[in-house]
Amino acid sequence: MNVRWRKSSRSGSATDEACVEVAGLAGAVGVRDSKDPDGDRLAVSAAAFGTMVRKIKEGSLDLP
């Protein structure tokens with residue numbers, strides 16, 4: 001399967017230390033570390049990914 005990974009335009013430069021890439025998969029969303037594209041990857045449901053994005057935008061996952 002040919003997977004097309006993309007990084008957010010808000011991630012910053014190529015040397016940004018906190019970048020992830022996402023890919024649309026059949027029935028899921030793939031997530032990987034942009035600094036280690038051949039490393040481990042996660043696959044989460046679209047609903048779980050949407051919840052995570054919403055919580056990030058709300059700031060509810062920010063460290064105190």
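Author: Let's start at the turn. This is a predicted model, and in it S2 and S3 make a hairpin with two residues between them. Gly-27 sits in that turn, with a positive phi of about 75°.

On to the strands themselves. S2 covers residues 20–25, while S3 covers residues 28–33. The two run antiparallel and are paired over six bridges; one spot to look at is Ala-23, which stands opposite Gly-30 in S3. S2 also pairs with S1 (residues 6–7), again in the antiparallel sense, this time over two bridges. There, Arg-6 has Val-22 of S2 as its bridge partner.

Now zoom in on Glu-21, which belongs to S2. Glu-21 counts as buried because its relative accessible area is 14%, and the cut-off for buried is under 20%. Its side chain has a polar partner: a contact of 2.6 Å links Glu-21 to the side chain of Arg-32. Leaving out residues up to four places away in sequence, Glu-21 touches Trp-5, Arg-6 and Lys-7, and also Gly-30, Val-31, Arg-32 and Ser-34.

As for confidence, the protein chain has a mean pLDDT of 87, with 86% of its residues at 70 or more. Confidence is lowest in S1, at a mean of 90, and highest in strand S4 (residues 41–44), at 95.

Conventions. Residues numbered from 1 in each chain as written. Predicted model: local features only at pLDDT ≥ 70, side-chain atom pairs only at ≥ 80, totals over all residues. Heavy atoms only, no water. Helix = DSSP H or I, 4+ residues; strand = E, 2+ residues; numbered from the N terminus. Buried < 20%, exposed > 50% of the residue type's maximum accessible area, 1.4 Å probe, protein only. Polar contact = N/O pair within 3.5 Å; in protein donor to acceptor, adjacent residues only side chain to side chain. Contact = heavy atoms within 4.5 Å. Pairing = 2+ DSSP bridges. pLDDT = per-residue confidence, 0-100.
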